[in-house]
Amino acid sequence: MKINPVRGTHDLFGKDIEKFNKIVFEVKKTAYQFGFEELITPIFESTELFRKPLGEQSDVVLKEMYTFKDRNDDEITLRPEYTTPMIRAAISNGLLNKLPVKLFGTGQMFRRERPQKGRYRQFNQINFENFGTNDSFADVEIINLANLLIKKLIPKKKIKLHINSLGTRENLDNYKKILTDYFNQNKNLLCSESKDKIKLNPLRILDSKRIEDKEVIDKAPVLLEFLSKENLNDYEQIKKCLNELDILIYEDPTLVRGLDYYCNTVFEFKTNEIGSQDTIIGGGRYNGLIEVLGGKDIPGVGFAGGIERIMLLMDDISFKNQHIHLAILNEKYKTHALKVYDFLIKNNYSVYWNYKYNLKKSLSIANEKKANFAIIIGEDENINNNFTVKNLSNGDQRVKDLSNILEFIK
Ligand code: HAM
């Protein structure tokens with residue numbers, strides 16, 4: 001019986017695991033540096049946690065959630081995102097008493113989307129949230145953190161930071177009315193999917209990638225023109241600070257994000273190097289959401305990034321230290337080999353013991369594993385208490401003892 005993986009899921013191994021682990025490692029290191037603490041939440045939650053907060057009309061809720069009844073008839077959903085579970089957990093555990101609270105997490109999310117490159121039904125996110133402050137520096141800090149992670153993980157890639165401000169919830173509701181009127185007036189020019197969205201949520205039409213919608217979207221009223229003075233000041237302040245930090249921004253008045261809980265600052269880090277699933281990291285402010293989920297009226301700002309999308313852009317990991325392969329010619333020399341094995345491991349080198357005890361086989365595996373050096377341990381080496389070290393890239397071979405082996409492999 002051959003059982004295939006479920007559509008939209010994938011196994012991680014080999015080079016991908018190295019990339020995956022590097023992302024998680026860098027995320028944790030950077031999080032601690034910025035004062036964020038880790039929070040791990042369950043993979044499934046009550047469905048009501050997601051339905052209203054993400055937007056009854058959002059694609060995620062309408063089409064993508066894995067929702068089912070368990071044996072007690074409780075309706076549960078595999079988490080499609082991390083923001084609402086983090087808020088739920090912060091409230092459930094009384095973590096919001098001393099503000100601000102800065103939390104991060106990494107883990108699997110589930111969305112029943114049409115699978116393609118960079119889009120899966122089970123995928124992993126990195127997620128950062130700052131609960132409790134309206135200070136515009138929190139927006140700057142969160143964008144700076146995301147930018148820093150991108151620079152660390154995919155330094156050679158061209159990633160563009162799109163940014164917009166949606167204003168307060170009242171601003172946004174007002175703008176939605178204006179947009180509804182405008183799209184109704186131009187209904188005939190829109191594709192049928194967008195026509196359906198006019199009533200449900202006209203903001204979603206701004207996300208449309210359909211060519212027939214482009215002209216209407218380009219001429220649509222621009223949200224920024226309807227923002228209050230206070231909002232505009234905040235937005236200006238954020239842009240100024242990002243500029244100060246040398247973070248290049250692209251102001252994108254059509255950027256509204258796919259989930260309904262956003263207001264004020266929204267942003268996305270995008271690339272044109274991995275096809276249509278081009279957003280690597282997305283986030284923004286969600287003032288009002290914590291109250292909707294049963295907490296106090298506390299503001300919040302955060303972002304999430306797709307680990308698999310970052311992996312698509314990453315180079316293979318090259319180890320800082322040389323990769324060394326042991327070629328032990330006979331089991332009799334194991335104890336002698338142990339000396340160099342232990343010495344190199346303690347000096348942080350990556351060392352591979354292949355259990356073959358045969359020179360030809362060992363060197364062939366070393367080649368396969370792309371080792372930088374082979375250490376050959378045979379009869380002479382055993383008698384003379386030394387080791388033959390071979391540079392596998394140029395063939396240079398020297399006899400060394402433990403005290404001078406590092407000079408040769410550095
Ligand atoms: P999101 O834009 O829905 O935002 O997802 C964030 C990131 O997750 C995307 O930019 C993408 O890299 C990755 N992603 C989303 N769906 C998939 C998929 N099907 N396959 C692979 N990767 C995917 C959120 O989830 C918000 N909770 C972000 C946030 C945090 N806003 C404030 N705080």
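A nitrogen atom of the ligand sits 2.8 Å from a polar backbone atom of tyrosine 120, which is a polar contact in the sense of a pair of N or O atoms within 3.5 Å. An oxygen atom of the ligand lies 3.1 Å from an N or O atom in the side chain of glutamine 125, and a ligand oxygen is also 3.0 Å from a backbone N or O atom of isoleucine 280. Taken alone the ligand exposes 660 Å², of which the protein buries 95%, with areas from the Shrake-Rupley method and a 1.4 Å probe.

This is a predicted model, in which local features need pLDDT of at least 70, side-chain atom pairs count only at pLDDT 80 or more, and totals for chains, interfaces and linings use all residues. Residues are numbered from 1 along each chain as its sequence is written, and side-chain values use heavy atoms, with hydrogens and water left out.

Around the ligand there are 27 residues, each with a heavy atom within 4 Å of it. By class, this shell has 10 nonpolar, 10 polar and seven charged residues, where Asp, Glu, Lys and Arg count as charged, Ala, Val, Leu, Ile, Met, Phe, Trp, Tyr, Cys and Pro as nonpolar, and the others, Gly among them, as polar. Strand E10 gives the largest share, six residues, strands being DSSP runs of at least two residues and helices of at least four.

The open sheet of eight strands has the order E1-E5-E6-E11-E10-E9-E7-E8, with mixed pairing; two strands pair if DSSP finds at least two bridges between them. Strand E5 (residues 101-110) and E6 pair in the antiparallel sense over 10 bridges.

Conventions. Polar contact = N/O pair within 3.5 Å; in protein donor to acceptor, adjacent residues only side chain to side chain.
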